Amino acid sequence: MKLEKKHLMPHWHQKRRKRITESVLLFKRTDLRKRIRLSDRYRNHFRKKVDEVYPASDRVVGSLHMAHTERRDAPGLPDFSLLKRLARDQLIFLLEQLPGKKDLFIDADLMSPLDRIANVTILKQHEVDKLYKVELKPIVSSSDQLCFLIRPRIQTVKWISDLVNSDKVAGRFRRYKIIFTPQKFYACETVLEEQGVYGDVTTDEWNFYILPLDDDILSLELPEFFRDNFLEGDQRWVTTAGSALHLLQSVYGSFSKVYGIGRCAKMVYESWRELMEEGEQRTRQPEFAKVFLIDRDVDFVTPLCSQVVYEGLVDDIFRIKCGSVEFGPDVTSSDKSIKVMLNSQDKVFNEIRNEHFSNVFGFLSQKAKNLQSAYDKRRGMDIQQMKAFVADELKGLKQEHRLLSLHIGASESMMKKKTKQDFQELLKAEHSLLEGFEIRECITNIEEHINRQVSMIDSLRLLCLLSITENGLLSKDYKSLKSQYLQSYGIEHLLTFANLRQLGLLEEQQAGETLTVMESKVGKLVTDKTVGKLTDAFSSLAKKSNFRALSKRLALVPKSGEEYDLRVPRDMAYVFSGAYIPLSCKLIEQVLERDGWTGLEEVTRMLNGQEFAVTGGSSSSEARNKTDAQRIVLVMFLGGCTYSEISALRFLGKERGCRFIVVTTAITNSARLLEALLDNSA
């Protein structure tokens, strides 16, 4: 007899399911709204629809109830524009070492970061004639001087070598300069030597380690770091991450404490420490005191969850690239696309970026009213007042109006995608997996999702989430789901499954697994009987769900009978509709509270250890400098960070009266993370 799930479900869980369902329905209900226009017709229509969905008593008014109103005692952040100036000055110096007019070839993934550092106008001022994107095919440049600004990739270096050799064959003399960024590797120089062009080109390094994306977000813009380090075992970027930390320390002062967890984090710390020992020790007032290094593979659950804060949703749907996003005609209501910078300079975006999406329309409605009131002030003005209004306020109001219109258009576009039945089912399935309920029903939903071919990445995401939360899939489920996936999306994804298995993202539970490398080494030292006992112990340990144990130990899934008010969140779980606190952020919170890993031994054991805490500098100077620096924490994500995690850390900072600066190898989300692991070449 099949038992009804609801009879087995505890009372608190039934309440949670109801709340999650209501949260999902908020997406659907809000679809009634239409785009704001400041003409009376559209404005009144919008107000009417807002009143239908949000009663005045429930509505978020202005920014009074926003989750991230800034504390008055919040410490000020360092000025990271200095990093841009340093990078720009070094690039100009390198370009001027090739005097005269020259054509510049730029790696495709360096185009956007370069635009943030030195735009076309600046490059033209330093005798760059034409700009080309590196496309690994014959060039059409007629210049006698070619400069290549590239990542240190062997494929690109071989292409440059072929260009030089073809010019030699044609009897054409040119000057060639290769600028590697952020550093050049020995392997690239070896390729130049093997191709016989080492003496024909000059090489240099542009130490462009960090790009400030916003006041509190710094990025290395190395999306390949995740695959190279965690899948391929290629540790070449470790020194780059260490150099980035060394740069921050050189410019903004030394750190008093360093915490970290993960194998890569440990290597980055060691690399950074070596650079410190080699370089000059400068004594200056530090602008932030604590650093936390964390590997992406410590927490795979968080990036695999659907993002529901505004900035995260924009990234999931429109793909924020290097701090900017391109809104298409469906957002702009014209036949043109518009590129928009998303940072704290955008006043509208800054107030909604960290909000749960269900709160956004209430805020945008109030913002439209406030904007209209500001426009209405001009009525009844005399000539002098009107002149002052036009000079001081009108330009700002027009800019705010334009941005408001864009964000409402973006919200509408996201609403159309996220109110579909598929998204609601995905969200419910995710929450069930996180809570550990209705697993059979989730597997059925995943099978249906795969067989309907709704989304290749979403299907893979749910499979990985199921595997991690359940500590692997039962053998029959693994084989069945894998078979269905390959039939739906192609047999070439066999390699992808191998990659996912290697990273522990999608595994098959096996009773009495074969000996691991560690067990085999132990077996050489003890008797066969003892090895058998050890193998049984390892197998039983493998069956224990680390995520479930971690979730219980750290209270990642709040078990409160109270309704979760997403308008006034009480903890970091709001970034996932109150269903889950990001593991990475919870670890950071716990370590900072304890000032180390003491008391978290069980947690670190379940996370495979590799944790460390190091104190640097003198305690007397730390006691003397109980200033803003002691309340600013630098968090470095190695392998990528999501906007949901950034929002959660901002919330945590507001609660603790401190500020977090996020340094990441790249911004990631579920799609980027899984696309990095795809191997579907037939």
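This is a predicted model: local features need pLDDT of at least 70, side-chain atom pairs count only at pLDDT 80 or more; totals for chains, interfaces and linings use all residues.
Which residues of helix 7 are the buried ones? They are Thr-156, Val-157, Trp-159, Ile-160, Ser-161, Leu-163, Val-164 and Asp-167. The helix itself runs over residues 154–170, which makes 17 residues, and from its first C-alpha to its last it reaches 24 Å, close to the 24 Å expected at 1.5 Å a residue. Just after helix 7 comes Gly-171, and there the chain takes a positive phi of about 75 degrees.

Now let us look at one of those neighbours, helix 8, and ask how the two helices lie against each other. The axes of helix 7 and helix 8 come within 9 Å and cross at roughly 25 degrees; angles under 35 degrees count as roughly parallel, and therefore helix 7 and helix 8 are roughly parallel to each other. The crossing of helix 7 with helix 8 is right-handed. On the helix 7 side the contact is made by Ile-154, Val-157, Lys-158 and Ser-161, and these meet Ala-187, Cys-188, Val-191 and Leu-192 in helix 8. If we sort the residues of this contact by class, we find 6 nonpolar, 1 polar and 1 charged.

Pro-182 sits in the loop between strand 4 and helix 8, and the peptide bond that joins Thr-181 and Pro-182 is cis, with omega at about 5 degrees. Why point this out? Because most residues other than glycine have a negative phi, and most peptide bonds are trans.

Glu-127, in the loop between helix 6 (120–125) and strand 2 (128–133), is not a glycine, and yet its phi is positive, near 65 degrees. With a relative accessibility of 38%, Glu-127 counts as partly exposed. The other residue is Asp-595, again not a glycine, with a positive phi of about 60 degrees. Asp-595 lies in the loop between helix 26 and helix 27 (601–606), and at 36% relative accessible area this residue is partly exposed.

How do helix 26 (residues 583–594) and helix 29 (residues 643–656) cross? Their axes come within 9 Å at an angle of roughly 30 degrees, so helix 26 and helix 29 are roughly parallel to each other, and their crossing is right-handed. From helix 26 the contact takes in Ser-584, Cys-585, Ile-588, Glu-589, Leu-592 and Glu-593, which meet Glu-645, Ala-648, Leu-649, Leu-652 and Arg-656 in helix 29. By class, this contact of helix 26 with helix 29 has 6 nonpolar, 1 polar and 4 charged residues.

Finally, let us step back to the whole chain. There are 30 helices and 14 strands, and of the 682 residues, 54% count as buried.

Key. Residues are numbered from 1 along each chain as its sequence is written. Side-chain values use heavy atoms; hydrogens and water are left out. Helices (H or I, at least four residues) and strands (E, at least two) are DSSP runs, numbered from the N terminus. The expected span of a helix is 1.5 Å times one less than its number of residues. Buried means under 20% relative accessible area, exposed over 50%, partly exposed in between (1.4 Å probe, protein chains only). Axes are lines fitted to C-alpha atoms, for helices over the stretch in contact, and angles run from 0 to 180 degrees between N-to-C directions. Angles under 35 degrees count as roughly parallel, over 145 as roughly antiparallel, 65 to 115 as roughly perpendicular and the rest as oblique. A crossing is left-handed if the near helix is turned anticlockwise from the far one by less than a right angle, and right-handed if clockwise. Contact means heavy atoms within 4.5 Å. Ala, Val, Leu, Ile, Met, Phe, Trp, Tyr, Cys and Pro count as nonpolar, Asp, Glu, Lys and Arg as charged, and the others, Gly among them, as polar.
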